[in-house]
Amino acid sequence: MKYEPREIEPKWQRYWEEEKLFKAVDFDQSRPKLYVLDMFPYPSAAGLHVGHPEGYTATDIYSRYMRMNGYNVLHPLGWDAFGLPAEQYAVQTGTLPRKTTEQNIETFRRQIKSLGFSYDWDREINTTSPDYYRWTQWIFIQLYKQGLAYLDEVPVNWCPALGTVLANEEVVNGVSERGGHPVERRPMKQWMLKITDYAERLLADLDELEWPEGIKEMQRNWIGKSTGAEIDFCVAENEETIRVFTTRPDTLFGCTYMVLAPEHPLVDKLTSPEKEKEVAAYKEDALAKSELSRSVSEQEKTGVFIGNYAVNPVNNERLPIWISDYVLMTYGTGAIMAVPAHDERDFEFAKTYDLPVQPILVPSKEAAEKEGITPEDVLEKRSCWTGQGTLVNSANDFGLDINGLDVENAKERTIEWLEQQDRGKAAVNYKLRDWLFSRQRYWGEPFPVVYMEDGSIKVLDEDELPLELPEMEDFSPSSNGESALARAEDWLDYTDPKTGKKGRRETHTMPQWAGSCWYYLRYLDPRNDARPWDEEKEKYWMPVDLYVGGAEHAVLHLLYARFWHKVLYDLGLVSTKEPFRKLVNQGMILGISYKDPQGRIVPNDKVVEDGNKLYHAETGQELEEMPAKMSKSLKNVVNPDDVIQQYGADSFRLYEMFMGPLEAVKPWRTEGVEGVRRFLNRVWKMVVGPDGGIAEEVKNSEMNEEELRVLHETIKKVTEDIESLNFNTAISQLMVFVNEFGGKAERNREAVETFILLLSPFAPHIAEELWSRMGYDNSLAYEPWPTYREECLKVANVEVVIQVNGKPRSRVTLPADATSEQMQQAAMEDERIQELTDSSDIKKVVTVPGKLVNVVAK
RNA sequence: GCCCGGGUGGCGGAAAGGCAGACGCAACGGACUUAAAAUCCGUUGGGGAUAUUAUCCCCGUGCGGGUUCGAAUCCCGCCCCGGGCACCA
């Protein structure tokens with residue numbers, strides 16, 4: 001009887017679902033809890049692609065394994081379904097987003113279920129369901145009440161093509177991350193979340209997380225903490241002071257001019273009458289520039305002198321004040337002290353406008369040499385030096401002398417002096433900015449906010465939630481920066497049920513990230529309609545023990561969710577400081593593509609095969625294989641439905657895990673799926689006979705030493721590899737087992753049963769089927785995980801390598817527990833070794849017990 | 001430019017400082033078959049020597065050095081590829 005995944009897979013999927021086999025039990029005190037979470041998918045119209053199930057398979061294997069180890073596993077899934085792509089798709093097809101979203105979810109659910117994952121489907125959630133988003137709104141209200149949500153008129157990233165503003169995180173190189181449309185800066189009234197209040201904690205608490213170092217580093221860079229000083233500069237002939245932030249207070253004596261951001265509030269006040277025209281023109285220019293042109297660093301520096309001077313607090317030198325767009329209003333104080341001798345940007349600007357350069361720091365000869373310059377180059381203003389060195393020309397008559405100090409001590413001393421003089425203080429700055437939280441879109445959570453006629457802002461009461469999204473025929477955004485909701489007449493008008501006062505609802509909606517900021521908490525108590533979650537359940541299940549998802553969420557989702565979690569923690573609503581204890585990023589799966597000799601990637605439908613070679617159908621150029629990101633345009637997308645149809649879900653799962661390490665980027669090869677399918681065929685034939693019963697070779701026979709060793713080696717390796725998520729090597733060990741036992745005339749029954757259990761987390765359908773054919777009535781999902789016996793791993797004799805000067809020259813078989821002396825003796829007696837060493841002196845002999853002897857001879 | 005990853009057969013990839021290439025794919029040879037597919041068995045890093053089939057030698061983990069009895073693995077200096085950040089004072 002043949003292995004037929006198409007028959008057995010749906011059967012077991014039905015069984016698991018009907019029996020609710022993977023139900024997570026709240027408050028089970030008899031077993032330790034384990035929360036294993038996948039980043040929930042965004043159900044697109046294209047359906048699942050092969051990248052999604054990679055992480056899901058990994059967490060499924062781990063969950064199934066841990067259940068067999070006696071854990072009470074919470075492993076849920078849901079849908080992150082609000083957001084721009086769904087709305088755009090709905091606009092294109094002319095259907096309601098709610099409808100298309102429902103269809104997409106249905107497709108995703110069907111596809112995911114066909115892979116046999118052990119989710120607790122009773123906990124399925126959907127961010128677009130009013131039962132869910134009422135609590136997203138509720139959390140927003142808590143943020144508002146904490147003063148962490150505020151309205152601000154800010155220059156934002158307005159994207160005309162998408163008809164919405166975007167967060168800084170959603171703008172990449174000046175164009176929208178989705179779609180690549182141009183983005184311009186434009187002042188608008190927006191909801192902001194004060195994530196900056198949490199910058200320090202978001203940074204510090206990274207240390208306690210078991211996350212990939214790279215992701216933590218990316219978050220650290222994003223938060224961008226710098227320590228330095230704030231220094232006040234008096235303006236000559238004026239009452240004003242200009243405050244700057246600098247990380248290099250030690251270079252204050254080298255400051256020769258100042259620069260303000262063009263938007264700086266003091267610019268107009270400080271501009272001299274004769275410079276007004278020029279300044280106004282420059283400001284207009286700078287503001288019109290998009291983020292793109294403004295952030296290209298190679299661009300030449302421009303600026304305008306505003307006709308006024310500030311005073312350097314350490315030496316009373318007059319410093320011309322300039323404006324330039326290389327100074328950003330959004331970082332620090334929007335003003336800088338320029339130290340051209342020791343800052344590349346200031347140096348470049350000073351060269352352009354012929355401003356004075358004052359060196360005050362000399363590098364050591366060696367340090368300078370490494371950069372290909374000399375200390376004289378710095379002192380004679382030919383080179384800019386930003387590294388370590390010794391301070392010079394840095395003393396005044398008012399008690400500050402930092403000459404001869406190194407950078408660190410000079411910083412400290414300068415700050416001390418500034419504090420004494422009341423001219424500055426130590427300060428910390430973060431690159432992180434507040435989170436722009438509104439979108440001019442229809443398909444998102446409505447803000448529970450009303451603008452009252454008297455000008456006040458009212459957030460809705462808890463009993464007014466959910467504020468449901470009105471159903472609209474036309475939900476395209478308006479061109480003036482308001483969302484479609486501005487046209488929802490009936491919905492807009494609000495009358496306070498208690499006071500009777502009237503108002504108009506907020507027409508913006510929340511960004512896609514809102515729903516995913518707290519979904520892991522809703523899984524704990526998904527049907528609670530009195531509270532977002534039960535606090536006791538939260539205490540039982542949290543934190544998430546393992547979180548698996550793509551690295552593209554390194555800063556966005558993962559930073560936002562941590563921020564909300566910390567707010568909830570401060571409100572006493574959650575019991576842990578951090579939501580996700582251990583994080584793993586699965587690597588992308590690439591498609592097979594081809595490149596021409598110029599390195600250009602050619603779409604797969606333009607590739608023709610002739611003999612063993614590949615050619616471009618049109619140009620005739622010879623092509624070379626090259627993996628590339630799967631995309632419709634390259635025609636290299638693999639559809640999981642096709643793979644499952646042809647090879648089965650177990651083969652699909654096994655192949656995705658066998659390709660290579662979970663975190664690595666790997667190219668998809670359908671031949672590889674055939675390989676693991678062949679493996680499962682051999683597994684089937686190892687257990688099942690031609691009549692469908694147990695194969696007659698499976699019996700209560702004695703195992704020989706080698707079989708015993710392979711069995712226990714397999715238990716050990718598979719166990720350890722699942723623990724460390726090295727699924728590829730676990731699978732190769734399962735293959736080793738089948739290579740050993742598969743063709744044998746006698747296959748020990750116990751060994752075969754153990755093997756089925758070891759295989760079950762990876763290929764659960766075939767494992768269940770074999771288990772039941774072995775005569776068991778119950779699912780194997782809660783069978784105890786096999787354990788290995790140390791003594792069975794040992795073998796009586798081992799082959800010991802004998803090296804001469806580190807090169808393997810001979811091998812001898814010795815008892816595994818041979819002593820160093822015995823090994824040495826065997827090496828010396830070896831004919832080949834004697835031959836090789838007889839004309840030289842033996843200097844020493846190194847032995848590694850059970851492995852190797854190295855004879856060092858000269 | 002800066003910060004992370006990573007470079008091992010034809011390909012995906014294995015290797016607590018101890019026999020490099022486990023496991024799989026592909027390829028080749030053979031068995032079965034009228035034939036093919038499927039399946040099974042065998043070979044497969046490169047070069048060379050001896051040679052009735054086995055034995056041996058040299059080279060080989062991006063490049064160049066170093067540490068060590070011994071390096072894919074550790075250290076120093078480069079090159080290339082992938083990802084992230086990018087006028088953040």
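## A look around RNA strand B

Counting the atoms of RNA strand B within 4 Å of the protein, 64% are part of sugar or phosphate, and the rest sit in bases. Keep in mind that this is a predicted model.

So who lines up along the RNA? There are 49 residues surrounding RNA strand B, and the closest are Ser226, Thr247, Lys301, Arg345 and Asn854. Sorted by class, this nearby surface has 20 nonpolar, 13 polar and 16 charged residues. Helix H24, covering residues 727-741, gives the most to that surface, with six residues.

| Residue | Atom on the protein side | Distance |
|---|---|---|
| Thr246 | polar side-chain atom | 3.0 Å |
| Tyr326 | backbone N or O atom | 2.7 Å |
| Arg669 | side-chain N or O atom | 3.4 Å |

Now for two single residues. Val450 belongs to strand S20 (residues 449-452). Val450 counts as buried because its relative accessibility is 0%, and buried means under 20%. Setting aside neighbours within four places in sequence, Val450 is in contact with Ser456, Ile457, Lys458, Leu460, Tyr494, Gly503, Arg504 and Arg505. Gly254 is another story: 196 residues from Val450 along the chain, with 53 Å between the two C-alpha atoms.

Arg789 sits in the loop between helix H26 (764-773) and helix H27 (790-793). Its relative accessibility is 44%, so Arg789 counts as partly exposed. The side chain of Arg789 makes a polar contact of 3.1 Å with the side chain of Glu791. Glu713 is 76 residues away from Arg789 along the chain, yet their C-alpha atoms are separated by 9.1 Å.

Definitions and conventions:
Residues are numbered from 1 along each chain as its sequence is written. Chains are lettered from A and ligands numbered from 1 in the order in which they are written. This is a predicted model: local features need pLDDT of at least 70, side-chain atom pairs count only at pLDDT 80 or more; totals for chains, interfaces and linings use all residues. Side-chain values use heavy atoms; hydrogens and water are left out. Helices (H or I, at least four residues) and strands (E, at least two) are DSSP runs, numbered from the N terminus. Buried means under 20% relative accessible area, exposed over 50%, partly exposed in between (1.4 Å probe, protein chains only). A polar contact is a pair of N or O atoms within 3.5 Å; within protein, one must be able to donate a hydrogen and the other to accept it, and residues adjacent in sequence count only if both atoms are side-chain atoms. Contact means heavy atoms within 4.5 Å. A residue is near a molecule or strand if one of its heavy atoms lies within 4 Å of it. Ala, Val, Leu, Ile, Met, Phe, Trp, Tyr, Cys and Pro count as nonpolar, Asp, Glu, Lys and Arg as charged, and the others, Gly among them, as polar.
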